[in-house]
Amino acid sequence: MTAVSEAPSDYDPLYREALTAVPIRNLLLVLLSLVITGCASQATISNKDLSQLEPDKRYAVFNLDENRKPLPRNLKQDVSLSLAFSGGGTRAAALAYGVLLELRDTPIYHPQGPQRLLDEVDMISSVSGGSFTSAYYGLYGERTFDEFEKKFLRHNVGEVLLDRLLSPSRWFSSQDRSEAAVQVYQDRLFEDKTFADLQAAGGPMIIINASDLGRGVRFSFLQDYFDLLCSDLSSFPVAKAVTASSAVPVLFAPVVLKNHDGCRSNAQSYLQSVDTNRLPNQVAQVVSGLKTYSDKQQRQYIHLVDGGITDNLGLMAIYEMVEVAGGIEPFMRVTGGKPARNILIISVNASTYVKHEIELTKEEPSLEDTLNTVTDVQLHRYNAATLDLLRETTQNWSGQLSTEQRPVNTYFVELSFETLTPEQKDYFNRIPTSFNLEDEQVDRLIELGRNLLRQNSDFRRFLDNYAANGDGDPLGPQNAYR
């Protein structure tokens, strides 16, 4: 039986809803299915060894510029734009989708003519629910705006998953619950697409993040990480990476990777050479955890679960990559380009504050209420610390990259429910972390994503400064936004 841990409360409602939104007879079937498959199921290993990887199929952060197709109007390279999509089920996916729509409809101006700000996105880092949006956009680009709402946001994926889990054909099958989810996501969204297809699409680099259950560190689906496992990412299914990123412990089994032996990669050598004493404590712990992949005997299989356990905002992947590289200047060098004059990071945070009932009674809280409250506090404290860290770090990047002749401006844009009115906040905080939302909830989340970005003061400052500094349209900042 695979070991699991409790999930933070931001996605814990997904587990509770999956069990409570069905009649009692179905609840018994769910529990029976979990019991039957819990010890008899076996993980399907999909990651091949590194010997089969072709040199031009490296979906790696250090090939960031090479992975992107040249954009027809992206001539001045004045904007570097990264997005981070949080966890939170369909709620997170819809909010992130709204932000993509707003970026699509936001023009920025070059002397050669206007282009969409969306086309300046270099990287999207995502966890859990946000990974559905990022992976779909990475694979299908413009098709996302015609298909994603119907195929995912407005489709009861939770019911499809439950039907698959309850199917009698699975009761005596060795297939685990996450493998059943992979099949659903392939059928509904990602087909049989692999990371080679994601690379060939030529869009932004999509960093899908999961959590290594054995060491408690974030694991990103990049060739840089697969090198540590002597494994080939290019042939790995995108649907399985998204499954790992959203595999809520207990409800889903971990996605298991084989830690292959017999290679010596540059990533392994570099990681072993990193002096953890020069790193911030949190990054040093991550590096120490990743170094353990070299112990092929003790770590033969890597069990991956929901990325929200180690970083529910998707921001730490960006921060840690820069720090491990030695800072923003070395990171820019190894990714193959000089820094853009405007560096913009947008954090799309769909986490909610769930109301707990313990303050309405003097009775002792139940074990469930206690665990939910404790994990909710831990999640939001970690989110707050991460946001503080990124605010400070991005400000430092500006000073480190700027020269007297070429100043570099950095902008960190935070989008969350915290800026809403009490009435609005109450509405969106009551939207569950599930894969089944009402059409009205989806509509309001998409529109909220657009409005939060449009009205954000840091985002408007970026647009105004971009035009006023001569990077954009010479007619002035009033033309920098629709």
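The chain exposes about 20,300 Å², and carbon and sulfur atoms supply 50% of that area. This is a predicted model. The chain has 482 residues, and 56% of them are buried. Its secondary structure comes to 20 helices and 12 strands.

## The disulfide

How many disulfides does the structure hold? It holds 1. The bond joins Cys-230 to Cys-263, with an S to S distance of 2.0 Å. A disulfide is a covalent bond between the sulfur atoms of two cysteines. Here the angle about the S-S bond is -85°, and the link of Cys-230 and Cys-263 is left-handed.

Which parts of the chain does the pair tie together? Cys-230 sits in the loop between α11 (223-228) and β8 (231-232). Cys-263 sits in the loop between β9 (255-258) and α13 (266-273). The two parts are 33 residues apart in sequence, so the pair ties together separate places along the chain.

Are the two cysteines buried or exposed? Cys-230 has a relative accessibility of 1% and counts as buried. Cys-263 has 24% and is partly exposed. The cut-off for buried is under 20%.

## Positive phi angles

Cys-230 has another feature. Its phi is near 50°, a positive value in a residue other than glycine. Glu-191 also has a positive phi, near 55°, and is not a glycine. Glu-191 lies in the loop between α9 (177-190) and α10 (195-200). At 39% relative accessibility, Glu-191 is partly exposed.

Now take helix α14 (residues 281-291) and helix α15 (residues 316-324). They pack at an angle of about 85°, and their axes are 10 Å apart. That angle makes α14 roughly perpendicular to α15.

Which residues make the contact? From α14 come Gln-282, Val-283, Val-286 and Val-287. From α15 come Met-316, Tyr-319, Glu-320, Glu-323 and Val-324. By class, the contact of α14 with α15 has 6 nonpolar, 1 polar and 2 charged residues. An α-helix has 3.6 residues a turn, so residues three or four places apart point the same way.

At 23% relative accessibility, Thr-276 is partly exposed. Leaving aside neighbours within four places in sequence, Thr-276 is in contact with Ala-284, Val-287, Ser-288 and Lys-291. Val-287 is also one of the α14 residues in the contact with α15.

Asn-312 lies in the loop between β10 (301-305) and α15. With a relative accessible area of 0%, Asn-312 is buried.

## An enclosed helix

How many residues of helix α12 (residues 238-245) are buried? The count is 8 of the 8, so α12 is largely enclosed by the rest of the structure. Among its buried residues are Val-238, Ala-239, Ala-241 and Val-242. Lys-240, Thr-243 and Ser-245 are buried as well.

## A leucine in α19

Leu-452 lies in helix α19 (residues 439-455). At 10% relative accessibility, Leu-452 counts as buried. What does Leu-452 touch, leaving aside its neighbours within four places in sequence? Its contacts are Leu-95, Leu-415, Ser-416, Thr-419 and Leu-420.

## Pairs along the chain and in space

The table sets separation in sequence beside C-alpha to C-alpha distance.

| Pair | Apart in sequence | C-alpha to C-alpha |
|---|---|---|
| Thr-276 and Val-286 | 10 residues | 9.6 Å |
| Asn-312 and Ala-350 | 38 residues | 9.4 Å |
| Leu-452 and Glu-102 | 350 residues | 9.6 Å |

Leu-452 and Glu-102 are 350 residues apart in sequence, yet 9.6 Å apart in space. Asn-312 and Ala-350 are 38 residues apart along the chain, with their C-alpha atoms separated by 9.4 Å.

Terms used
Residues numbered from 1 in each chain as written. Predicted model: local features only at pLDDT ≥ 70, side-chain atom pairs only at ≥ 80, totals over all residues. Heavy atoms only, no water. Disulfide = S-S within 2.5 Å. Helix = DSSP H or I, 4+ residues; strand = E, 2+ residues; numbered from the N terminus. Buried < 20%, exposed > 50% of the residue type's maximum accessible area, 1.4 Å probe, protein only. Areas by Shrake-Rupley, 256 points an atom, 1.4 Å probe, with all protein chains shown as cover. Axes fitted to C-alpha atoms, helices over the stretch in contact; angles between N-to-C directions. Parallel < 35°, antiparallel > 145°, perpendicular 65-115°, else oblique. Contact = heavy atoms within 4.5 Å. Nonpolar A, V, L, I, M, F, W, Y, C, P; charged D, E, K, R; others polar.
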